[in-house]
4 protein chains.
Amino acid sequence: MGEKSVQKKKYILEKAREVFSEKGFKDVTMKDIVDACEISRGGLYLYFSSTEELFLAVLADDTPEDDEEAVVAALSGDATAGDMLALFLKEQKKEILRKKNNLTTATYEYFIAHKVEERQNPLKNQFDTAVRIIEKLIENGVDNGEFYCENPHGCARNLMYVVEGMKITSQTIGITAEAIDKEFMYVLTGLVPDELNN
Amino acid sequence: MGEKSVQKKKYILEKAREVFSEKGFKDVTMKDIVDACEISRGGLYLYFSSTEELFLAVLADDTPEDDEEAVVAALSGDATAGDMLALFLKEQKKEILRKKNNLTTATYEYFIAHKVEERQNPLKNQFDTAVRIIEKLIENGVDNGEFYCENPHGCARNLMYVVEGMKITSQTIGITAEAIDKEFMYVLTGLVPDELNN
Amino acid sequence: MGEKSVQKKKYILEKAREVFSEKGFKDVTMKDIVDACEISRGGLYLYFSSTEELFLAVLADDTPEDDEEAVVAALSGDATAGDMLALFLKEQKKEILRKKNNLTTATYEYFIAHKVEERQNPLKNQFDTAVRIIEKLIENGVDNGEFYCENPHGCARNLMYVVEGMKITSQTIGITAEAIDKEFMYVLTGLVPDELNN
Amino acid sequence: MGEKSVQKKKYILEKAREVFSEKGFKDVTMKDIVDACEISRGGLYLYFSSTEELFLAVLADDTPEDDEEAVVAALSGDATAGDMLALFLKEQKKEILRKKNNLTTATYEYFIAHKVEERQNPLKNQFDTAVRIIEKLIENGVDNGEFYCENPHGCARNLMYVVEGMKITSQTIGITAEAIDKEFMYVLTGLVPDELNN
DNA sequence: AATGAATGAGCCTTCATTCAT
DNA sequence: TATGAATGAAGGCTCATTCAT
């Protein structure tokens, strides 16, 4: 596959991303992709042979770097732990509320229907990565007295389950920005040393 | 609709429940239901005209009572608050891990794809009901010294988001009984008065 | 499947027979059958789900009785053995030359491509039945002095291989009525007692 | 077309032969050939523009010489007529039973579906050539007293129909080495002078 | 000569939905 | 009420064939 094909493959993935973000996973047909890309049916099959394959490629296309960026930002910045945690939560909030170009629905639909080996499950990897980042942040915060926490790992994991809970709630029930803030506030309050809470 | 029809409708819902619990929502066709019920295609349409309608009816069929039972049990029992909360969490755990006759997948699939008016969203109602129950339990616990908690409502809500997070995680990534226990333990630890934690 | 459906199934088989006799087996698509029957695509699938299934049904539909008739005619008639053998060969000739409503092409195409358990192979059964019939005829002829033959079974088998050879030759190279006559004559000459040959 | 092109054409035919011998004729697509040759789609079309053209070229590529060789061998050898006929039949038997690199299936599929002018029909030519060879052999045998036969041409033709019959039987029903031997034996017995048969 | 991306026709198959009985 | 045959739209997929490079 030459240089040109690589371009086209990228182009298809871009368009596919739009389609998945709009229709989720299960409702998307190869025809939808074909229409979105304005190419021929056969043309699409030269690059991808199923919506499954396409979706995994879309996912692979954008998650790794993002994670890496986040990790780098989290560990190398010289902001305080509190600032960084706040930043992280702000990102999560944006993600939870994001309307356009949001693969959450498609991702849930896909992974609900396709049981995947843990090792290769990108959701698992994202979750674990996030937990590690938060844990590190909390530890830093504890070290310099910003936070009080006896079990940073447990706390980080707990926070991520809350985030997951809000993500899915946002998809199925709906959630407001205020509700997210309130929730994060609740969690953060538990981290702040008692003397500062008063 | 006569007595007979009511019977038949119930029968169809029972069978439909089995189908949804096995295949989720999106993969279920009217034909699947017809086959499961061993009735005619036309016959099914006399009662339900789409899988959407059917699924909502299935949901309506079994959630209300269950919730009610739970509420009643929670408020009228004479067990301690701690026992009752433990019981509640045990139920949640069972639900999260349950393999057979589990509508979770179908429910997620349905409500991810169908945005529903908040008021009529059964997931919303279940969530809120659960929060109220837990809140009440915590308050009771605080009153009699079993628990320590400055914000019972926030704590209850937080717990439910964690539960939601674990539910969806169980569907998409997978989760072990141990992981659930650890998580519940973490939350409960935060509720126990400090002097008891040591 | 009710009375009506049985009618329709018969109707489809009739039409399918025409299609197979015109186009052979491999070139026939479900669409060809649909068009010939003037029914809907889905309609056809209610009765048959592949051209393979259809073709086997077409075959099953007309071979058994024919064979039986032949057997009965061959063994119960009161014509001489010579007359009956001549009749049999005349039938074979007609079959070899038949243009319309001829499943030979389709049959060859089908069984060349689909290896079938010997027991269930209709071609095998037809061949063996024919051999038995001829053998019986020859034996009768020998008994009453019409024929001379030391190995009726071998002779019958040989004759059938010749018939098979002419059938396939007719399909691939082409064969004339004269060529068939000449060939049958050659075989028959070997059966007639020497004194009559001169 | 330069020297180089001739080489490539030969190469393609070799590979095509393998494909046809494995898949018959009708199931072979241009893509199959392209894949087998590991050349480009467009590249193949420079040499052959359909599987029909390819198949005819494959046939033309290997039959003429073989026949010629056979003829030469049959007429120039100094073996006895009986030995030579036995050799010929042994070759036929090998051909009938041959599994690998066997164009029989493809050939039947092709010529069943494509009616060809007699003159240009390679099957016709092969058949006629074979008949001539056998006829000659029998005549030689009769001349030197090995055989007894009043109609060498008829006998040769008959033998070839039997061979054809066994070939197609081998494709559609299946045939054993023993069945072939038995059949050849039957035919040969008819050629041996009576005094030798006892 | 050679490549291989691209096209679009064409077949397969499944379903929701209707309707005569 | 209940049946189930029938329809036709829709999506999946594969190929022969072309064409710009």
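At what angle do the axes of helix α5 (residues 81–97) of chain A and α7(A) cross? They cross at roughly 155 degrees and come within 8 Å of each other. Here axes are lines fitted to C-alpha atoms, for helices over the stretch in contact, and angles run from 0 to 180 degrees between N-to-C directions. Helices are DSSP runs of H or I with at least four residues, numbered from the N terminus.

Before going on, a word on the model: it is predicted, so local features need pLDDT of at least 70 and side-chain atom pairs count only at pLDDT 80 or more, while totals for chains, interfaces and linings use all residues. Residues are numbered from 1 along each chain as its sequence is written, and chains are lettered from A and ligands numbered from 1 in the order in which they are written.

**The helix pair in chain A**

α5(A) and α7(A) are therefore roughly antiparallel to each other (the cut-off is an angle over 145 degrees). α5(A) passes α7(A) in a left-handed crossing, with the near helix turned anticlockwise from the far one by less than a right angle. On the α5(A) side, the contact uses A:A81, A:G82, A:M84, A:L85 and A:F88; α7(A) answers with A:I133, A:I134, A:L137, A:N140 and A:G141. Contact means that the C-beta atoms, placed from the backbone, lie within 7 Å. Seven of these residues are nonpolar, three are polar and none is charged. For the classes, Ala, Val, Leu, Ile, Met, Phe, Trp, Tyr, Cys and Pro count as nonpolar, Asp, Glu, Lys and Arg as charged, and the others, Gly among them, as polar.

**Chains meeting chains**

Chains A and B touch through 31 residues from chain A and 31 residues from chain B. On the chain A side, α6 (104–113), α7 (122–143), α8 (152–172) and α9 (177–189) each supply at least two residues, and α8(A) has the largest share with twelve residues. By class, that side has twelve nonpolar, twelve polar and seven charged residues.

Chain A goes onto chain B with a rotation of 179 degrees and 0.1 Å of shift along the axis, at an RMSD of 0.3 Å (superposed by least squares on the C-alpha atoms of residues with pLDDT of at least 70 in both). The two copies are thus related as by a two-fold rotation axis. In chain A, the C-alpha of A:G165 is the nearest to that axis, 1.9 Å from it. Also, 100% of the interface residues of chain A are interface residues in chain B too, so the copies meet through the same surface.

Over at the other pair, 32 residues from chain C meet 32 residues from chain D. For chain C, the elements giving two or more residues are α6 (104–113), α7 (122–143), α8 (152–172) and α9 (177–189). Twelve residues, the largest share, come from α8(C), and the chain C side divides into 13 nonpolar, twelve polar and seven charged residues.

**Around the DNA**

A residue is near a strand if its C-beta atom, placed from the backbone, lies within 6 Å of it.

| DNA strand | Residues around it | Closest residues |
|---|---|---|
| E | 35 residues | A:G42, A:G43, B:T29, D:G42 and D:G43 |
| F | 37 residues | B:G42, B:G43, C:G42, C:G43 and D:T29 |

Near DNA strand E, α3(D) gives the most, with four residues, and the surface divides into ten nonpolar, 17 polar and eight charged residues.

How values were computed. Contact = placed C-beta atoms within 7 Å. Parallel < 35°, antiparallel > 145°, perpendicular 65-115°, else oblique.
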